[in-house]
Amino acid sequence: MNTATTQSPMAFSDHRPGFFARSEAWLDARGKGAWIAAMVLGFILFWPIGLALLAYMIWGKGMFSKSCKSMKQTRHMTRSSGNSAFDAYKAETLHRLQEEQDNFEAFLQRLREAKDKAEFDQFMEDRAKANHPDENSEPA
């Protein structure tokens, strides 16, 4: 009996990844820009390749819902270093930075709202002046 036909498919799982898997890992390591450059090159060389890459980027990778870099940073931030004191310090620092970022974004939102209110108030004042001519001037 042939041993290749009796082995399970999992027996071959320790082999080197294929060309597409290595290419995907290489592009992921370089970020979204590398994916876009590969897509453009695909369109230049042979348009169905570019179209296939575009479809894969949209539906396969979820490229436009999250950036590759942010996914890599998220994995890096949650990974343990093995040093519990450093991990606690890192978690506290990341929490503090996230809180500062949230506070800053809230501050920017308040600034935008204040600017919008000031512009709206100026618009309403200009509109009121245009609708009601100056009462101090005498008709000619």
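Arg-96 and Glu-100 both sit in helix α6, 4 residues apart, about one turn of the helix; helices here are DSSP runs of H or I with at least four residues, strands are E runs of at least two, and both are numbered from the N terminus. The model is predicted, with local features needing pLDDT of at least 70 and side-chain atom pairs counting only at pLDDT 80 or more, while totals for chains, interfaces and linings use all residues. Residues are numbered from 1 along each chain as its sequence is written, and side-chain values use heavy atoms, leaving out hydrogens and water.

The side chains of Arg-96 and Glu-100 meet in a salt bridge at 3.0 Å, N to O, where a salt bridge is a side-chain nitrogen of Lys or Arg within 4 Å of a carboxyl oxygen of Asp or Glu. Arg-96 is partly exposed at 38% relative accessibility, and Glu-100 is partly exposed at 43% (buried means under 20% relative accessible area, exposed over 50%, partly exposed in between, with a 1.4 Å probe and protein chains only). The structure holds 4 salt bridges. Another of them joins Lys-115 to Glu-119 at 3.7 Å, N to O, and these two residues also lie in α6, 4 residues apart. Lys-115 counts as exposed at 53%, whereas Glu-119 is partly exposed at 45%. Lys-129 and Glu-125 form a salt bridge as well, with their closest N and O atoms 3.5 Å apart.

Helix α6 (residues 84-131) also contains Asp-87. This aspartate is buried yet has no salt bridge, and the nearest side chain of opposite charge, Lys-90, is 4.6 Å away; Lys and Arg count as positive, Asp and Glu as negative, and His and the chain ends are not counted. Apart from neighbours within four places in sequence, Asp-87 is in contact (heavy atoms within 4.5 Å) with Ser-80, Ser-81 and Gly-82.

Turning to the whole chain, there are 6 helices and 0 strands. Of its 140 residues, 11% count as buried.

The largest pocket holds about 280 Å³ of space. A pocket is an open set of points, on a 1 Å grid over the protein atoms alone, where a 1.4 Å probe fits, with protein on both sides within 12 Å along at least five of seven lines; lining residues have an atom within 4 Å of a point. The largest share of this lining, 6 residues, comes from α2, and α2 (19-30) and α4 (47-60) each supply at least two residues. Among the lining residues are Phe-19, Trp-35 and Tyr-56.

Key: Grid points are joined across faces, edges and corners, and a volume is the space filled by probe spheres set on the points.
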